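Thanks for coming. I will take a few minutes on one model and go through it piece by piece. Please have the viewer open.

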Amino acid sequence: MILEARNIGFAYRSGAAALTGVSLAIEPGRNVALVGESGAGKTTLLRILLGLAQPSTGELWYAGSPLARPRMRDYRRSVQAVFQDPYSSLDPRHRIGRIVAEPLRGLGLGVDQSRVAAALDAVGLPADAAGRYPHEFSGGQRQRIAIARAIVGNPRLLLADEPVSALDLTTRVRIVDLLASLCAERDLTIMLVSHDLGVVAELCQHTAVLEHGRLVEQGDTDRVLGAPSHPYTRKLIESVPRLP
Amino acid sequence: MSLLTVDGLTVRNGTGTALVDDVSFSVAPGDRTGLIGESGSGKSLTALAVLGLLPPGLTASGSILLDGADMIRAPRGHGQVAAIVFQEPLTALDPLMTAGRQIAAPIRRFRGLRGAALRSAVAEALAEVHLTDADRIARSYPHQLSGGQRQRVAIAMAIACRPKLLIADEPTTALDVTVQAEILDLLDRIVTTRGTALLFITHDLPVAAKVVRDTHVMRHGRIVESGPILDLVSHPQHEYTRTLVDSARRFDAALKRTGRDS
(Lines give C-alpha, C1' and ligand atoms only; values in the text may rest on other atoms or scores of the structure.)
Protein backbone atom coordinates (compact mmCIF):
# COMPACT_ATOMS: atom_id res chain seq x y z
CA MET A 1 0.00 0.00 0.00
CA ILE A 2 1.46 3.37 -0.97
CA LEU A 3 -1.13 5.59 0.56
CA GLU A 4 -4.29 4.97 2.46
CA ALA A 5 -6.99 7.40 3.53
CA ARG A 6 -8.73 6.00 6.60
CA ASN A 7 -12.14 7.33 7.41
CA ILE A 8 -11.25 10.87 6.36
CA GLY A 9 -13.66 13.65 7.24
CA PHE A 10 -13.30 17.33 6.52
CA ALA A 11 -15.52 20.14 7.73
CA TYR A 12 -15.28 23.88 7.16
CA ARG A 13 -15.23 26.23 10.10
CA SER A 14 -18.90 26.91 9.46
CA GLY A 15 -19.45 23.24 10.26
CA ALA A 16 -20.44 22.26 6.72
CA ALA A 17 -18.99 18.84 5.91
CA ALA A 18 -17.01 18.58 2.68
CA LEU A 19 -15.96 14.96 3.22
CA THR A 20 -17.46 12.25 5.39
CA GLY A 21 -15.90 8.87 6.19
CA VAL A 22 -13.76 8.56 3.07
CA SER A 23 -11.60 5.43 3.01
CA LEU A 24 -9.48 4.79 -0.03
CA ALA A 25 -6.33 2.73 -0.58
CA ILE A 26 -3.78 3.23 -3.32
CA GLU A 27 -1.76 0.11 -4.10
CA PRO A 28 1.40 0.13 -6.19
CA GLY A 29 0.67 -0.43 -9.87
CA ARG A 30 -3.08 0.05 -9.54
CA ASN A 31 -4.09 3.49 -10.77
CA VAL A 32 -7.04 4.91 -8.86
CA ALA A 33 -9.68 7.18 -10.34
CA LEU A 34 -11.63 9.58 -8.19
CA VAL A 35 -14.81 10.41 -10.05
CA GLY A 36 -17.46 12.96 -9.21
CA GLU A 37 -18.89 16.33 -10.13
CA SER A 38 -18.34 19.91 -8.96
CA GLY A 39 -18.73 20.21 -5.23
CA ALA A 40 -18.40 16.48 -4.56
CA GLY A 41 -15.21 17.03 -2.53
CA LYS A 42 -12.62 15.76 -5.04
CA THR A 43 -10.34 18.77 -4.68
CA THR A 44 -10.65 18.80 -0.87
CA LEU A 45 -9.60 15.15 -0.74
CA LEU A 46 -6.73 15.87 -3.09
CA ARG A 47 -5.58 18.77 -0.91
CA ILE A 48 -5.60 16.49 2.12
CA LEU A 49 -3.62 13.82 0.26
CA LEU A 50 -1.08 16.48 -0.74
CA GLY A 51 -0.75 17.61 2.86
CA LEU A 52 -2.15 21.05 2.00
CA ALA A 53 -5.13 20.62 4.31
CA GLN A 54 -5.55 18.71 7.56
CA PRO A 55 -8.49 16.30 7.81
CA SER A 56 -10.95 17.00 10.64
CA THR A 57 -11.22 13.29 11.37
CA GLY A 58 -9.44 10.14 10.23
CA GLU A 59 -5.84 9.76 9.16
CA LEU A 60 -3.52 9.15 6.25
CA TRP A 61 -1.32 6.10 6.24
CA TYR A 62 1.79 6.18 4.14
CA ALA A 63 3.94 3.10 3.46
CA GLY A 64 2.49 1.14 6.35
CA SER A 65 2.25 3.66 9.19
CA PRO A 66 0.38 6.87 10.04
CA LEU A 67 1.71 9.93 8.27
CA ALA A 68 3.25 12.21 10.88
CA ARG A 69 5.28 15.38 10.65
CA PRO A 70 8.78 13.80 10.84
CA ARG A 71 8.00 11.74 7.73
CA MET A 72 6.61 14.60 5.67
CA ARG A 73 9.85 15.21 3.74
CA ASP A 74 10.03 11.58 2.68
CA TYR A 75 6.33 11.72 1.81
CA ARG A 76 6.68 14.86 -0.29
CA ARG A 77 9.49 13.28 -2.29
CA SER A 78 7.23 10.33 -3.07
CA VAL A 79 4.08 12.20 -4.03
CA GLN A 80 3.84 14.79 -6.79
CA ALA A 81 0.94 16.54 -8.48
CA VAL A 82 -0.20 17.62 -11.94
CA PHE A 83 -3.03 20.12 -12.24
CA GLN A 84 -5.73 20.83 -14.78
CA ASP A 85 -4.69 24.10 -16.33
CA PRO A 86 -1.17 24.15 -17.79
CA TYR A 87 -1.58 27.88 -18.40
CA SER A 88 -1.66 28.67 -14.69
CA SER A 89 0.54 25.93 -13.26
CA LEU A 90 3.82 27.06 -14.88
CA ASP A 91 5.53 30.27 -13.76
CA PRO A 92 5.69 32.43 -16.92
CA ARG A 93 8.91 34.17 -15.81
CA HIS A 94 10.98 31.02 -15.47
CA ARG A 95 12.67 28.95 -18.13
CA ILE A 96 11.48 25.35 -18.51
CA GLY A 97 14.74 23.99 -17.10
CA ARG A 98 14.21 25.86 -13.86
CA ILE A 99 10.51 24.95 -13.67
CA VAL A 100 11.24 21.25 -14.10
CA ALA A 101 14.09 21.37 -11.54
CA GLU A 102 11.84 22.97 -8.89
CA PRO A 103 11.05 19.76 -6.93
CA LEU A 104 14.75 18.85 -6.88
CA ARG A 105 15.50 22.20 -5.31
CA GLY A 106 12.53 22.23 -2.97
CA LEU A 107 13.01 18.69 -1.70
CA GLY A 108 16.75 18.96 -1.23
CA LEU A 109 17.52 16.33 -3.85
CA GLY A 110 20.21 18.42 -5.50
CA VAL A 111 19.68 20.17 -8.84
CA ASP A 112 21.12 17.82 -11.38
CA GLN A 113 20.69 18.99 -14.99
CA SER A 114 20.97 15.44 -16.28
CA ARG A 115 17.84 14.50 -14.31
CA VAL A 116 16.02 17.49 -15.81
CA ALA A 117 17.10 16.43 -19.30
CA ALA A 118 15.99 12.85 -18.61
CA ALA A 119 12.57 14.06 -17.39
CA LEU A 120 12.08 16.23 -20.50
CA ASP A 121 13.08 13.30 -22.66
CA ALA A 122 10.67 10.97 -20.82
CA VAL A 123 7.73 13.24 -21.65
CA GLY A 124 8.77 13.58 -25.29
CA LEU A 125 10.12 17.14 -25.26
CA PRO A 126 13.37 18.11 -27.00
CA ALA A 127 16.40 18.87 -24.82
CA ASP A 128 16.49 22.51 -25.98
CA ALA A 129 13.09 23.04 -24.32
CA ALA A 130 14.97 23.65 -21.07
CA GLY A 131 16.14 27.07 -22.29
CA ARG A 132 12.72 28.30 -23.40
CA TYR A 133 9.76 29.93 -21.63
CA PRO A 134 6.23 28.53 -21.05
CA HIS A 135 4.56 30.92 -23.54
CA GLU A 136 6.50 29.30 -26.36
CA PHE A 137 4.59 26.04 -25.85
CA SER A 138 1.09 24.82 -26.71
CA GLY A 139 -1.35 23.55 -24.07
CA GLY A 140 -0.43 19.90 -24.66
CA GLN A 141 3.30 20.67 -24.49
CA ARG A 142 2.79 22.68 -21.30
CA GLN A 143 1.05 19.71 -19.73
CA ARG A 144 4.08 17.60 -20.72
CA ILE A 145 6.29 20.15 -18.93
CA ALA A 146 4.10 19.92 -15.82
CA ILE A 147 4.39 16.12 -15.96
CA ALA A 148 8.18 16.35 -16.39
CA ARG A 149 8.31 18.51 -13.26
CA ALA A 150 6.21 15.98 -11.37
CA ILE A 151 8.35 12.96 -12.30
CA VAL A 152 11.81 14.53 -12.09
CA GLY A 153 12.29 13.35 -8.48
CA ASN A 154 11.08 9.82 -9.29
CA PRO A 155 7.95 9.88 -7.12
CA ARG A 156 5.98 6.72 -6.43
CA LEU A 157 2.60 8.40 -6.65
CA LEU A 158 1.30 11.04 -9.03
CA LEU A 159 -1.84 12.92 -8.00
CA ALA A 160 -3.33 14.19 -11.25
CA ASP A 161 -6.24 16.63 -10.97
CA GLU A 162 -8.15 16.63 -14.28
CA PRO A 163 -4.85 16.57 -16.19
CA VAL A 164 -6.40 16.29 -19.66
CA SER A 165 -9.73 18.14 -19.29
CA ALA A 166 -8.37 21.40 -20.70
CA LEU A 167 -6.81 19.71 -23.73
CA ASP A 168 -8.07 19.05 -27.23
CA LEU A 169 -9.28 15.54 -27.95
CA THR A 170 -6.32 14.48 -30.09
CA THR A 171 -3.87 15.94 -27.52
CA ARG A 172 -5.82 14.19 -24.74
CA VAL A 173 -5.12 10.82 -26.36
CA ARG A 174 -1.39 11.57 -26.51
CA ILE A 175 -1.16 12.70 -22.88
CA VAL A 176 -3.12 9.67 -21.65
CA ASP A 177 -0.71 7.45 -23.63
CA LEU A 178 2.20 9.29 -22.05
CA LEU A 179 0.84 8.80 -18.52
CA ALA A 180 0.22 5.10 -19.19
CA SER A 181 3.76 4.58 -20.47
CA LEU A 182 5.27 6.48 -17.50
CA CYS A 183 3.40 4.16 -15.13
CA ALA A 184 4.73 1.12 -16.94
CA GLU A 185 8.33 2.33 -17.15
CA ARG A 186 8.91 4.18 -13.89
CA ASP A 187 7.16 2.17 -11.20
CA LEU A 188 4.71 5.03 -10.87
CA THR A 189 1.10 4.87 -9.69
CA ILE A 190 -1.46 7.53 -10.54
CA MET A 191 -4.43 8.80 -8.64
CA LEU A 192 -6.52 10.50 -11.28
CA VAL A 193 -9.23 13.00 -10.41
CA SER A 194 -11.46 13.18 -13.46
CA HIS A 195 -15.01 13.56 -14.63
CA ASP A 196 -14.12 11.99 -17.98
CA LEU A 197 -15.13 8.35 -17.66
CA GLY A 198 -13.53 7.42 -20.98
CA VAL A 199 -10.14 8.58 -19.69
CA VAL A 200 -10.79 6.79 -16.39
CA ALA A 201 -11.58 3.53 -18.18
CA GLU A 202 -8.44 3.87 -20.28
CA LEU A 203 -6.01 4.65 -17.46
CA CYS A 204 -7.26 3.37 -14.09
CA GLN A 205 -7.78 -0.09 -12.64
CA HIS A 206 -9.69 1.08 -9.57
CA THR A 207 -12.52 3.64 -9.51
CA ALA A 208 -14.04 5.47 -6.56
CA VAL A 209 -17.18 7.56 -6.99
CA LEU A 210 -17.62 10.58 -4.77
CA GLU A 211 -20.97 12.31 -4.28
CA HIS A 212 -21.63 15.08 -1.73
CA GLY A 213 -18.43 14.23 0.16
CA ARG A 214 -19.11 10.51 0.49
CA LEU A 215 -17.75 7.58 -1.49
CA VAL A 216 -20.91 5.99 -2.80
CA GLU A 217 -19.15 3.20 -4.66
CA GLN A 218 -15.64 1.89 -5.33
CA GLY A 219 -13.97 -1.16 -6.82
CA ASP A 220 -12.45 -2.48 -10.03
CA THR A 221 -13.02 0.03 -12.83
CA ASP A 222 -14.51 -2.69 -15.01
CA ARG A 223 -17.04 -3.51 -12.31
CA VAL A 224 -17.87 0.06 -11.25
CA LEU A 225 -18.27 1.41 -14.79
CA GLY A 226 -19.47 -1.83 -16.37
CA ALA A 227 -22.00 -2.85 -13.72
CA PRO A 228 -22.54 0.15 -11.44
CA SER A 229 -24.49 -0.57 -8.29
CA HIS A 230 -25.19 2.99 -7.13
CA PRO A 231 -27.80 5.12 -8.94
CA TYR A 232 -25.44 8.13 -9.03
CA THR A 233 -22.76 6.09 -10.83
CA ARG A 234 -25.39 4.92 -13.30
CA LYS A 235 -26.48 8.50 -13.92
CA LEU A 236 -22.87 9.58 -14.54
CA ILE A 237 -22.34 6.79 -17.05
CA GLU A 238 -25.61 7.45 -18.84
CA SER A 239 -24.71 11.12 -19.20
CA VAL A 240 -21.52 10.46 -21.15
CA PRO A 241 -22.12 11.42 -24.79
CA ARG A 242 -21.29 8.44 -27.00
CA LEU A 243 -20.40 8.31 -30.66
CA PRO A 244 -23.22 7.04 -32.87
CA MET B 1 -33.43 30.54 -49.14
CA SER B 2 -30.60 30.37 -46.68
CA LEU B 3 -30.75 32.13 -43.35
CA LEU B 4 -26.98 32.41 -43.23
CA THR B 5 -24.62 32.26 -46.17
CA VAL B 6 -20.89 32.48 -45.54
CA ASP B 7 -18.87 32.69 -48.73
CA GLY B 8 -15.09 32.81 -48.89
CA LEU B 9 -14.79 34.19 -45.36
CA THR B 10 -11.20 35.06 -44.47
CA VAL B 11 -10.23 36.62 -41.14
CA ARG B 12 -6.76 38.13 -40.82
CA ASN B 13 -4.88 39.49 -37.85
CA GLY B 14 -2.74 42.65 -37.83
CA THR B 15 0.24 40.91 -39.41
CA GLY B 16 -1.83 39.51 -42.27
CA THR B 17 -1.93 35.90 -41.09
CA ALA B 18 -5.20 34.22 -42.09
CA LEU B 19 -6.83 32.80 -38.93
CA VAL B 20 -9.92 31.81 -40.91
CA ASP B 21 -9.11 30.94 -44.48
CA ASP B 22 -11.65 30.90 -47.30
CA VAL B 23 -14.50 29.35 -45.33
CA SER B 24 -17.87 28.82 -47.03
CA PHE B 25 -21.03 27.23 -45.68
CA SER B 26 -24.70 27.98 -45.30
CA VAL B 27 -27.42 27.41 -42.75
CA ALA B 28 -31.08 27.19 -43.80
CA PRO B 29 -34.00 27.88 -41.42
CA GLY B 30 -34.36 24.97 -39.00
CA ASP B 31 -30.94 23.48 -39.86
CA ARG B 32 -28.66 22.08 -37.17
CA THR B 33 -25.13 22.65 -38.30
CA GLY B 34 -21.91 21.89 -36.47
CA LEU B 35 -18.51 23.53 -36.70
CA ILE B 36 -16.09 21.04 -35.20
CA GLY B 37 -12.45 21.79 -34.59
CA GLU B 38 -9.73 22.02 -31.96
CA SER B 39 -7.98 25.06 -30.47
CA GLY B 40 -6.86 27.46 -33.16
CA SER B 41 -9.07 25.96 -35.86
CA GLY B 42 -10.92 29.25 -36.36
CA LYS B 43 -14.34 27.94 -35.37
CA SER B 44 -15.09 30.57 -32.74
CA LEU B 45 -13.77 33.43 -34.89
CA THR B 46 -16.10 32.27 -37.65
CA ALA B 47 -19.03 32.54 -35.22
CA LEU B 48 -17.99 36.00 -34.04
CA ALA B 49 -17.59 37.17 -37.66
CA VAL B 50 -21.13 35.96 -38.42
CA LEU B 51 -22.44 38.25 -35.68
CA GLY B 52 -20.17 41.16 -36.65
CA LEU B 53 -18.42 40.81 -33.28
CA LEU B 54 -14.80 40.25 -34.33
CA PRO B 55 -12.36 41.66 -31.80
CA PRO B 56 -10.48 44.82 -32.78
CA GLY B 57 -7.40 44.20 -34.89
CA LEU B 58 -8.98 41.42 -36.91
CA THR B 59 -10.37 42.08 -40.37
CA ALA B 60 -12.83 39.95 -42.30
CA SER B 61 -13.15 39.62 -46.07
CA GLY B 62 -15.42 37.53 -48.26
CA SER B 63 -19.14 37.68 -47.64
CA ILE B 64 -21.52 36.89 -44.82
CA LEU B 65 -25.24 37.26 -45.44
CA LEU B 66 -27.30 36.90 -42.28
CA ASP B 67 -31.01 37.05 -43.07
CA GLY B 68 -30.22 39.39 -45.98
CA ALA B 69 -27.87 41.68 -44.06
CA ASP B 70 -24.24 41.98 -45.12
CA MET B 71 -22.42 41.37 -41.83
CA ILE B 72 -18.98 42.34 -43.16
CA ARG B 73 -19.59 45.56 -45.06
CA ALA B 74 -22.59 46.90 -43.18
CA PRO B 75 -22.98 44.99 -39.92
CA ARG B 76 -26.22 45.87 -38.19
CA GLY B 77 -27.73 44.85 -34.92
CA HIS B 78 -28.34 41.13 -35.07
CA GLY B 79 -30.42 40.91 -31.93
CA GLN B 80 -33.62 39.69 -33.50
CA VAL B 81 -32.04 37.41 -36.08
CA ALA B 82 -29.24 35.63 -34.29
CA ALA B 83 -28.10 35.15 -30.71
CA ILE B 84 -25.16 33.41 -29.16
CA VAL B 85 -24.48 31.32 -26.05
CA PHE B 86 -20.86 31.20 -24.94
CA GLN B 87 -18.80 28.55 -23.17
CA GLU B 88 -18.37 30.19 -19.79
CA PRO B 89 -21.65 31.56 -18.44
CA LEU B 90 -19.89 33.30 -15.56
CA THR B 91 -18.11 35.66 -17.94
CA ALA B 92 -21.11 35.97 -20.25
CA LEU B 93 -23.34 37.28 -17.45
CA ASP B 94 -22.97 40.64 -15.74
CA PRO B 95 -21.92 39.91 -12.13
CA LEU B 96 -23.62 43.08 -10.84
CA MET B 97 -27.04 42.42 -12.35
CA THR B 98 -29.67 39.90 -11.26
CA ALA B 99 -30.54 37.12 -13.69
CA GLY B 100 -34.04 38.54 -14.11
CA ARG B 101 -32.81 41.98 -15.18
CA GLN B 102 -30.33 40.45 -17.62
CA ILE B 103 -33.04 38.42 -19.30
CA ALA B 104 -35.34 41.48 -19.31
CA ALA B 105 -32.82 43.68 -21.13
CA PRO B 106 -33.09 42.14 -24.61
CA ILE B 107 -36.87 41.66 -24.22
CA ARG B 108 -37.36 45.34 -23.36
CA ARG B 109 -35.15 46.44 -26.22
CA PHE B 110 -36.32 44.24 -29.03
CA ARG B 111 -39.89 43.37 -28.06
CA GLY B 112 -40.63 46.71 -26.41
CA LEU B 113 -42.30 45.19 -23.34
CA ARG B 114 -42.58 47.07 -20.04
CA GLY B 115 -43.95 46.52 -16.54
CA ALA B 116 -46.13 43.49 -15.89
CA ALA B 117 -45.86 42.26 -19.48
CA LEU B 118 -42.06 42.36 -19.22
CA ARG B 119 -42.12 40.51 -15.90
CA SER B 120 -44.28 37.76 -17.25
CA ALA B 121 -42.10 37.47 -20.38
CA VAL B 122 -39.07 36.98 -18.10
CA ALA B 123 -40.91 34.32 -16.10
CA GLU B 124 -41.88 32.63 -19.35
CA ALA B 125 -38.26 32.69 -20.56
CA LEU B 126 -37.10 31.10 -17.31
CA ALA B 127 -39.78 28.42 -17.53
CA GLU B 128 -38.76 27.68 -21.10
CA VAL B 129 -35.23 26.76 -20.00
CA HIS B 130 -36.72 24.58 -17.25
CA LEU B 131 -35.59 26.67 -14.32
CA THR B 132 -37.89 25.80 -11.51
CA ASP B 133 -38.18 28.27 -8.69
CA ALA B 134 -38.14 31.03 -11.31
CA ASP B 135 -38.81 33.81 -8.79
CA ARG B 136 -35.73 33.07 -6.75
CA ILE B 137 -33.53 32.64 -9.85
CA ALA B 138 -34.73 35.97 -11.28
CA ARG B 139 -33.71 37.72 -8.07
CA SER B 140 -30.31 35.97 -7.89
CA TYR B 141 -26.94 37.32 -8.97
CA PRO B 142 -24.82 35.04 -11.17
CA HIS B 143 -22.49 34.02 -8.31
CA GLN B 144 -25.50 32.71 -6.39
CA LEU B 145 -26.33 30.24 -9.18
CA SER B 146 -24.75 26.92 -10.12
CA GLY B 147 -22.93 26.50 -13.43
CA GLY B 148 -25.88 24.73 -15.01
CA GLN B 149 -28.35 27.36 -13.79
CA ARG B 150 -26.14 30.13 -15.18
CA GLN B 151 -25.95 28.49 -18.57
CA ARG B 152 -29.74 28.13 -18.56
CA VAL B 153 -30.03 31.84 -17.80
CA ALA B 154 -27.63 32.61 -20.67
CA ILE B 155 -29.76 30.44 -22.98
CA ALA B 156 -32.93 32.16 -21.77
CA MET B 157 -31.36 35.54 -22.68
CA ALA B 158 -30.32 34.25 -26.07
CA ILE B 159 -33.73 32.89 -27.04
CA ALA B 160 -35.81 35.60 -25.34
CA CYS B 161 -36.19 37.53 -28.59
CA ARG B 162 -37.01 34.48 -30.68
CA PRO B 163 -33.92 34.54 -32.91
CA LYS B 164 -34.01 32.64 -36.19
CA LEU B 165 -30.47 31.42 -35.58
CA LEU B 166 -28.98 30.30 -32.27
CA ILE B 167 -25.21 30.04 -32.15
CA ALA B 168 -23.84 27.93 -29.31
CA ASP B 169 -20.06 28.11 -28.83
CA GLU B 170 -18.92 25.18 -26.63
CA PRO B 171 -22.01 25.69 -24.42
CA THR B 172 -21.39 22.63 -22.26
CA THR B 173 -17.60 22.42 -22.07
CA ALA B 174 -17.41 24.08 -18.65
CA LEU B 175 -20.20 21.96 -17.16
CA ASP B 176 -20.36 18.66 -15.30
CA VAL B 177 -21.28 15.68 -17.41
CA THR B 178 -24.79 15.19 -15.98
CA VAL B 179 -25.50 18.91 -16.40
CA GLN B 180 -24.10 18.76 -19.91
CA ALA B 181 -26.60 16.04 -20.78
CA GLU B 182 -29.46 18.22 -19.49
CA ILE B 183 -28.31 21.32 -21.38
CA LEU B 184 -27.92 19.36 -24.63
CA ASP B 185 -31.46 18.01 -24.19
CA LEU B 186 -32.69 21.54 -23.55
CA LEU B 187 -31.03 22.97 -26.68
CA ASP B 188 -32.41 20.07 -28.68
CA ARG B 189 -35.93 20.69 -27.42
CA ILE B 190 -35.78 24.44 -27.99
CA VAL B 191 -34.61 24.26 -31.59
CA THR B 192 -37.08 21.47 -32.32
CA THR B 193 -40.17 23.17 -30.89
CA ARG B 194 -39.34 26.61 -32.27
CA GLY B 195 -37.76 25.62 -35.56
CA THR B 196 -34.74 27.76 -34.65
CA ALA B 197 -31.65 27.09 -36.73
CA LEU B 198 -28.66 26.01 -34.65
CA LEU B 199 -24.99 26.61 -35.34
CA PHE B 200 -23.20 24.45 -32.78
CA ILE B 201 -19.49 24.95 -32.22
CA THR B 202 -17.45 22.36 -30.35
CA HIS B 203 -14.24 20.38 -30.22
CA ASP B 204 -16.14 17.40 -28.87
CA LEU B 205 -17.32 15.03 -31.56
CA PRO B 206 -19.65 12.89 -29.39
CA VAL B 207 -21.33 16.05 -28.05
CA ALA B 208 -21.82 17.38 -31.58
CA ALA B 209 -23.26 14.04 -32.65
CA LYS B 210 -26.03 14.43 -30.07
CA VAL B 211 -27.38 17.71 -31.44
CA VAL B 212 -26.29 18.47 -35.00
CA ARG B 213 -27.27 16.93 -38.32
CA ASP B 214 -24.69 18.34 -40.72
CA THR B 215 -21.24 19.41 -39.81
CA HIS B 216 -18.06 21.03 -41.04
CA VAL B 217 -14.69 19.99 -39.66
CA MET B 218 -12.23 22.86 -39.35
CA ARG B 219 -8.48 22.81 -38.99
CA HIS B 220 -5.99 25.68 -39.15
CA GLY B 221 -8.73 28.05 -40.30
CA ARG B 222 -10.03 25.90 -43.14
CA ILE B 223 -12.95 23.55 -43.57
CA VAL B 224 -11.38 20.19 -44.34
CA GLU B 225 -14.52 18.09 -44.58
CA SER B 226 -18.30 18.58 -44.59
CA GLY B 227 -21.29 16.30 -44.50
CA PRO B 228 -23.97 14.66 -42.36
CA ILE B 229 -22.35 13.93 -38.99
CA LEU B 230 -23.38 10.27 -39.03
CA ASP B 231 -21.51 9.73 -42.34
CA LEU B 232 -18.55 11.68 -41.09
CA VAL B 233 -18.27 9.56 -37.96
CA SER B 234 -18.72 6.25 -39.77
CA HIS B 235 -16.72 7.08 -42.94
CA PRO B 236 -14.38 10.00 -42.35
CA GLN B 237 -12.70 10.98 -45.63
CA HIS B 238 -10.10 13.50 -44.57
CA GLU B 239 -7.11 12.32 -42.59
CA TYR B 240 -7.70 14.87 -39.84
CA THR B 241 -11.34 13.87 -39.42
CA ARG B 242 -10.15 10.30 -39.13
CA THR B 243 -7.74 11.28 -36.34
CA LEU B 244 -10.57 13.07 -34.52
CA VAL B 245 -12.92 10.12 -34.85
CA ASP B 246 -10.20 7.67 -33.78
CA SER B 247 -9.41 9.77 -30.69
CA ALA B 248 -13.06 9.85 -29.66
CA ARG B 249 -13.40 6.12 -30.37
CA ARG B 250 -10.43 5.36 -28.10
CA PHE B 251 -12.20 6.59 -24.97
CA ASP B 252 -15.57 5.35 -26.16
CA ALA B 253 -14.13 1.86 -26.66
CA ALA B 254 -12.41 1.91 -23.26
CA LEU B 255 -15.75 2.66 -21.64
CA LYS B 256 -17.50 -0.01 -23.68
CA ARG B 257 -14.89 -2.57 -22.66
CA THR B 258 -15.75 -2.12 -18.99
CA GLY B 259 -19.30 -3.13 -19.81
CA ARG B 260 -18.25 -6.27 -21.64
CA ASP B 261 -15.81 -7.61 -19.09
CA SER B 262 -18.18 -7.75 -16.20
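This is a predicted model: local features need pLDDT of at least 70, side-chain atom pairs count only at pLDDT 80 or more; totals for chains, interfaces and linings use all residues.

In chain B, four strands form an open sheet, and their order is 2-1-4-5. The pairing there is antiparallel.

The partner of strand 5 of chain B is strand 4 of chain B, residues 59-66. These two run antiparallel and are joined over two bridges. If you want a place to look, find Leu66(B), which stands opposite Ala69(B) in strand 5 of chain B.

Now chain B as a whole. The count is 10 helices and 10 strands. Along the principal axes, the C-alpha atoms of chain B fill a box of roughly 60 × 55 × 35 Å. The radius of gyration of chain B is 19 Å, which agrees with a compact globule, because a globule of 262 residues would come out near 18 Å. Of those 262 residues, 45% count as buried. Take the contacts in chain B between residues at least 6 apart in sequence: 65% of them join residues at least 24 apart.

Next, the core. The largest nonpolar core has 152 residues. Which of them touch the most other members? Those are Val100(A), Ala148(A), Ile103(B) and Ala156(B). Helix 6 of chain B, residues 147-159, supplies the largest share of this core, with seven residues. Ile103(B) is worth a click. Leaving aside neighbours within four places in sequence, Ile103(B) is in contact with Val122(B), Ala125(B), Val153(B), Ala156(B), Met157(B) and Ala160(B).

On to the contact between the chains. Chain B puts in 32 residues and chain A puts in 28. On the chain B side, the elements giving two or more residues are helix 7 (177-194), helix 8 (205-211), helix 9 (229-234) and helix 10 (239-261). Helix 10 of chain B gives the most, with 14 residues. By type, the chain B side divides into 13 nonpolar, 10 polar and nine charged residues.

Last, the annotation. For chain A, an unreviewed UniProt entry lists residues 3-237 as "domain: ABC transporter". Over that stretch of chain A, the chain is 37% helix and 25% strand.

Conventions: Residues are numbered from 1 along each chain as its sequence is written. Chains are lettered from A and ligands numbered from 1 in the order in which they are written. UniProt positions are given in the numbering used here, feature names are shortened, and annotations may be inferred rather than shown by experiment. Two residues are in contact if their C-beta atoms, placed from the backbone, lie within 7 Å. Ala, Val, Leu, Ile, Met, Phe, Trp, Tyr, Cys and Pro count as nonpolar, Asp, Glu, Lys and Arg as charged, and the others, Gly among them, as polar. The radius of gyration is taken over C-alpha atoms; the globule rule is 2.2 Å times the number of residues to the power 0.38. A residue is buried if 20 or more other C-beta atoms lie within 10 Å of its own, exposed if 12 or fewer, and partly exposed in between; C-beta atoms are placed from the backbone. A nonpolar core is a set of buried Ala, Val, Leu, Ile, Met, Phe, Trp, Tyr and Cys residues joined through C-beta atoms within 7 Å. Two strands pair if DSSP finds at least two bridges between them.
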